2 protein chains.
Amino acid sequence: MSLKLFELVGSDDTRPFSPYCWRTRMALAHKGLGAETIPWCFTEKEAISASGQGRVPVLVDGDKWISDSWTIAEYLEEKYPDRPSLFGDGAGRALSRFYVGWADGVLNSSIVRFVVLDVWKQLNPKDKDYFRKTREERVGMTLEAYVAEREKYLKGFRDGLMPLRLALKNQPFLGGDKPLQADYIVFGGFQWARTVSDFELLAADDPVAAWRGRLLALFGGLAGKNPSYSG
Amino acid sequence: MSLKLFELVGSDDTRPFSPYCWRTRMALAHKGLGAETIPWCFTEKEAISASGQGRVPVLVDGDKWISDSWTIAEYLEEKYPDRPSLFGDGAGRALSRFYVGWADGVLNSSIVRFVVLDVWKQLNPKDKDYFRKTREERVGMTLEAYVAEREKYLKGFRDGLMPLRLALKNQPFLGGDKPLQADYIVFGGFQWARTVSDFELLAADDPVAAWRGRLLALFGGLAGKNPSYSG
């Protein structure tokens, strides 16, 4: 039974950009699994209604519809226990939850400040009004005004990556010698930014940039082949 | 061979307060190990010179002097593999490093804002000048001025705990069903604050407060018995 994955795209069907979908893409590759990609737009809620909610990633495995990148990772881990573990066995699964908390609650919400207008620019035209309206309500101003001073926030953003920098001081991946779901959870945010925007979040000599480079190179350059958005 | 642990104390020898020493106290208890406590003050660098550096915790095991709470945890894990694991096996050790990064780089440095004057107040008199001088240089003002507006920073601090809150949504401990070194790494900061100050960092209904309560109760109330400082 072949797997299907609904992934968020913009005007280019071949360039998924959601940080959460990238977690799942990397998880599938980690397990050595292929999946048929189904490009999906924000306003196509009906296409994934069988999942019982309105967001992607959604993985379809036969008659099973599984949403949420964490739940999908758990599903893959349980269904394919003989393939490389996503959590590193032992307490790895429980310990990986904090990475979700940090990536969702700190990292990705900080990245919005830098790329939200660039996200809007590359959206499918039918999504643009929906996205602008919901996001401008959230930030209380136009997207243009919101990102206008993004340079001013860059130092604070980079300072906030200290936990990653410290963790990567003694090991190439958050998971240790080899990458794990914890790496993909965090990497999703950087890949999202890179896919929609040419704004450089990381200084070239930041160890976090070196780690991102290692993630971009995994699985034959799966993530690295997705080019930066060039406007 | 009995273990000895140098722990930072203030004017009360029986009340260790360093967040890093608490990581080690909890780790020893987790492994079911006792240790003779040696109260230590900031200015007693010579007493621990055999460790090759000037900070605590320092664990002495026969002729071995081991410093740094992470290195001590690794040492205990390797020396006592048959006792409950501190890292939860598998990739747990590698995945726990990010917790150190977050606790050192974000949590503990944020807590300073609220408790640094209270730390000074309860110090051993011989440490007071040293501490005030080094910390005031670091923050660029008197300790009194630094903490004067701490209430203003409380909301931001609590918002910054979102990663913990999200991680603890589905499990009682960061390590899962049972606490691990990852829990002790983070808990150290809260125990430090509680030991030196009556300033309440957490709202009573915060799930992080409930988790802290579970940590305080562990090992027969080891951490909970250390009373709050009352001035």
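Is B:Phe219 buried, partly exposed or exposed, and what is its relative accessibility? The last of these close-ups comes back to that; all of them show a predicted model.

**Figure 1. Where chain A meets chain B.** In this predicted model, 29 residues of chain A are in contact with 29 residues of chain B. Together the two sides bury about 2,200 Å², and 74% of that comes from carbon and sulfur atoms. A trio to look for is A:Leu95, A:Arg97 and A:Phe98: they supply 33% of the area that chain A buries against chain B, more than any other three residues. Polar contacts do turn up, with eight residue pairs across the interface, both partners at pLDDT 80 or more.

Figure 2. Helix H3 (92-121) and helix H7 (162-167) of chain A each put at least two residues into the side that touches chain B. H3(A) gives the most, with twelve residues. Sorted by type, this side of chain A has 16 nonpolar, ten polar and three charged residues.

Figure 3. A:Gln191 sits in helix H8 (residues 181-196) of chain A. A:Gln191 counts as buried because its relative accessible area is 0%, and the cut-off for buried is under 20%. Its side chain makes a polar contact with the side chain of A:Arg194, at 3.2 Å. Leaving out residues up to four places away in sequence, A:Gln191 touches A:Trp22, A:Leu216, A:Ala223 and A:Asn226.

Figure 4. Most peptide bonds are trans. The one from A:Val56 to A:Pro57 is cis, with omega near 10°, and A:Pro57 lies in the loop between strand E2 (35-40) and strand E3 (58-61) of chain A. Over in chain B, a cis bond joins B:Val56 and B:Pro57, with omega about 10°. B:Pro57 is in the loop between strand E2 (35-40) and E3 of chain B.

**Figure 5. An exposed aspartate in a chain B loop.** B:Asp63 is found in the loop between strand E3 (58-61) and strand E4 (64-67) of chain B. At 67% relative accessibility, B:Asp63 is exposed. Its C-alpha is 9.6 Å from that of B:Ala50, 13 residues away along the chain.

Figure 6. Most residues other than glycine have a negative phi. A:Asp89 has phi near 60°, lies in the loop between helix H2 (69-79) and H3 of chain A, and is exposed at 52% relative accessibility. B:Phe219 has phi near 55° and belongs to helix H9 (residues 207-221) of chain B. As for the opening question, B:Phe219 is partly exposed, at 34% relative accessibility.

Methods: Residues numbered from 1 in each chain as written. Chains lettered and ligands numbered in written order. Predicted model: local features only at pLDDT ≥ 70, side-chain atom pairs only at ≥ 80, totals over all residues. Heavy atoms only, no water. Contact = heavy atoms within 4.5 Å. Buried area = accessible area lost by both parts, 1.4 Å probe. Polar contact = N/O pair within 3.5 Å; in protein donor to acceptor, adjacent residues only side chain to side chain. Helix = DSSP H or I, 4+ residues; strand = E, 2+ residues; numbered from the N terminus. Nonpolar A, V, L, I, M, F, W, Y, C, P; charged D, E, K, R; others polar. Buried < 20%, exposed > 50% of the residue type's maximum accessible area, 1.4 Å probe, protein only.
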